[in-house]
Amino acid sequence: MLDTIGAPALEDLYAHLPESVRFAGSLNIPPGRSEYEIIDYFRARGSENIHARANFLGAGVYHHYRPVLVDTVVSRGEFLTSYTPYQAEISQGTLTAIFEFQTMICQLTGMDVANASMYDGSTAVPEAAMMAMRITGRSGIAVARTVHPEYREVLSTYTRHQGISVSEFEYDVQSGQVDLESLDQAMNENTAAVIIQSPNFFGMVENTKLIAEIVHARGALLVFVFSEAVSLGLLEPPRDADIVAGELQSFAIAPSYGGPFAGVLAAKEQYVRQIPGRLVGETKDTNGNRAFCLTLATREQHIRREKATSNICTNQALIALMATVFMAVYGKQGLRELAEQNLAKSHYLGERLWRRFNGPYFNEFVAVTGPRSVEEINGRLQGLQIVGGLPLDRFYPELGNSVLLCCTEMSRRADMDAVAEAFGA
Amino acid sequence: MIRKVRSHPSQNEALLFEMSSPGKVGYQLPPLDVPGVDPAGALGAERVRAEIENFPEVSEVDVIRHFTRLSTWNYAIDLGLYPLGSCTMKYNPRVNEAVARTDGLMWIHPYQSDALAQGALAILAELERVLIEITGMDAVTLQPAAGAHGELTGILLVRAVLEAQGNMRRKVIVPDSAHGTNPSTVHTAGYEVVNVASNDRGMLDVDALERMVDEDVAAIMITNPNTLGVFEENIARVAEIFHAKGALVYMDGANMNALAGISRPGDYGIDLMHLNLHKTFSTPHGGGGPGSGPVAVKKQFEPFLPLPRLRRASSGWSWDYDRPKSIGRVRAFYGNFGVLVRALAYLMAHGGDGLRRATQDALLNANYLRKLLEPHYKIAYNAPSMHECVFSNPSTSAIAKRLIDYGFHPYTVSFPLIVHGAMMIEPTETESKQELDLFADALISIAKECDENPDLVLRAPYSTRTAKVDEVAAARKPILKWKG
Amino acid sequence: MDPENLRYTKEHEWVRVEGDIGIIGITFHAQKELGDIVYVDLPKVGTSTQQGKTVGSVESVKAVSDLYTPVSGEVVEINPLLAESPEILNTDPYGSGWLVKIKLSDPGEAGKLLTAAEYQAYTGTESP
């Protein structure tokens, strides 16, 4: 091959580079290792993390069962190693699956149109906010303090640089839901969107319909956020929202220390041209057969460049595919039964502990400590190979002696009893 | 003559909603070991949904057949060469998939205390160290979820550093050959985009830049090698020009596959850059994601990096949230950990010498293809190619579609925009001479077809599962979900 | 090809003056460059605008072109057919494919724009 090129040696292929830009040394990286050594290295690292027999952490990342079929499907080379489906004729597999994904997200959320996924729930939130601003022409955002704290941090990072004001509104200390009075005061005539999450970070289910009325009366849009997708199997979807931003990690996406996940961005029909990210549409080929392709690409960065709806290029295709397979496996009945089991498990434990809030909750709730401190409780649980809940004062300094606990279909009765016992309940 | 492929029946497949049957299930949950709870009683009847209308009801067999059939309609790296320019479609090593599924890595929760996540933190620390080594930078953040996300992080860092100096400035210069994410990122970060035309060699116009840089310019976003696959020979000089005016130099690292091991951007004036782990570092494209876009930076940016930062103490690794100057988070949690694991596995498999060899092979393959194709296609710019080459042909779209009949995925069509009818080809190092020869033969054969039978090329492809897809109808009357 | 009774701009728009109303659209050359038009984004009725300002955009599958109004004034009507049938811009750019009607604030403006001959010289096309 070098002969064909006419170069004497490999180094000559970059001999034209000026001296000043060439790195002539050796990188300080150990020599290449064999497959076995690599597997061994990661196995060792894996064992240095506690992988407990039970885990009561939720807070945006949920421990749900992953059907075996999910990895079987996504491990197929044609899905795993294919590129973005720009060439529709040879990507109908990916495109069809995304079309099904978009459909199911609409069915679940009650929205008219959904994109092919965002990076994750946390980045879908600022994208939804910016979308609301483009639509309304206003530049203020009001966000509930009960929206996931890290989602709010990301919102802040994105909005700080674009002259966008973000105000937060409080939660009701009895119910743990949005304080409607505080919401009202956080809004003004410049508010483009109000952002709420349900179930919220405390696990409480919000009065979405009522909040939507308040928000719409002021001419703003309602952005509904979810981080626990399983809840949509049981809870009335946010049909009164204008934009939905959410996280699909619960749908067969392993917690994997925080990523990669897949975000949802869905909206009402009339906002379709303001939606960021990829969209797959149905069409026909020249023989009149149904086919799918990426569409409305003129919203996107590769065409609009600085006027794009977002700088986003990717969608989390493979991760969204995991969620799609999950949704297909569980189906209409299964998602319902799964959600009902989550409800039963969390209420079993919830009834045995002192709860801080009296509102309705799905699979998470805030427990108040009794005789023992949070550290003591989690310490005891760790001794039993159980990871306890999240101490809330990390994010809400006013909520000391409070732990956010999550129970899913994976939580065993015996382990929940152990948690109750550790609380000294 | 088409040598790589021949036709083969491909099965039809309906959508999940069309094959649903009420009562069909593909799951089985164990019975509850606690009492059931009435949803209406616990939540209030108005909060409980009716059934999820039209949601699929299919069996396990239906699911596996459905998705298996769908998969057979895709082209993939596992099937053959993907010559997409600047995408670096190299082989995705399967050992990476195996290690990412290690139990103790897959199931750990990001909020487990640091003491219970030392293995994960050690992985991140090692990856940071290696990426710093490769780029010649001082620090790196692994938080961004994709290349474009890394770009945004980078420009926000530029802004933070300049704001700390008292003046964020207004403009960022972007070459007209840049990837679309560059200008859209600049806009999102609150800066004004100033486009600069490439010179007649397709490279940065140093004189023009010298005239454009003033104290109102915050930075330039450069891709190196540029989107023509050509190394920006004046890059060190450009960096000097910008630094002289207190401006910064951001490098889009999409083409790092031409540099790893033979050139370190931090050595010649690049202030910060992002990497695409799903390009240079072999993590799978997965049909369009997930990716990961770490940002490597010089020392001056370190205090502003997204929080939390990894810190080493006597008791082990921990997350440091005490970062008052940080630009904040760009996403929840720490990064696409599963993707980071795969990238580290790739780096471990290669080692330092292996990385250099991979880069050399990438250059070898690209230049070999260029040599074979130059007699038949017009090279866009006559400068030495690094890991990719760009040809120019008015029929680029048609040729790309005809290439599909020959068994290959098309190259990148009509990008970069500065080339008329661009054909952007990047083979990567994982292609064998046999595959490259087959590819070159195919393109040479198509060139002949363009002369002798242009209509044949214009109406291609013929052998795909669908005939040419009507993208105009899809955009005029968007149908974005199944309605039944 | 390009009607004599219209005036043109270098951004490939045309204007036809009828009394105090200017009717604007895109030229044959513009629609040909864009390809099959899939969507048109038009300003709201009542919008005030200045000559040369962006008032909307025209999209094909792979490209977007901003619309720069050749004349200043207030938008009084937008073409209702384009929402359902954007392809009219391809088939009849000078007739039923008109985009916006503007009540002129400066009636003299249009006369200073390019004539058909000047526009054709600019685009390098032959007169019919």
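Tutor: Buried area is the accessible area (1.4 Å probe) that two parts lose on being put together, summed over both. This is a predicted model, where local features need pLDDT of at least 70 and side-chain atom pairs count only at pLDDT 80 or more, while totals for chains, interfaces and linings use all residues. Side-chain values use heavy atoms, without hydrogens and water.

Student: OK, so what's the area buried between chain A and chain B?

Tutor: About 15,800 Å², with 63% of that coming from carbon and sulfur atoms. In contact there (heavy atoms within 4.5 Å) are 181 residues of chain A and 190 residues of chain B.

Student: How many salt bridges between chain A and chain B?

Tutor: The count is 9, where a salt bridge puts a side-chain nitrogen of Lys or Arg within 4 Å of a carboxyl oxygen of Asp or Glu. One of them pairs A:Glu89 with B:Lys401, closest N and O atoms 2.7 Å apart.

Student: Switching over, what does chain C bury with chain B?

Tutor: About 580 Å², 50% of it on carbon and sulfur atoms. That contact takes 9 residues from chain C and 5 residues from chain B.

Student: And how many salt bridges there, between chain C and chain B?

Tutor: There are 2. C:Glu84 forms one with B:Lys477, and their closest N and O atoms sit 3.6 Å apart.

Note on methods: Residues numbered from 1 in each chain as written. Chains lettered and ligands numbered in written order.
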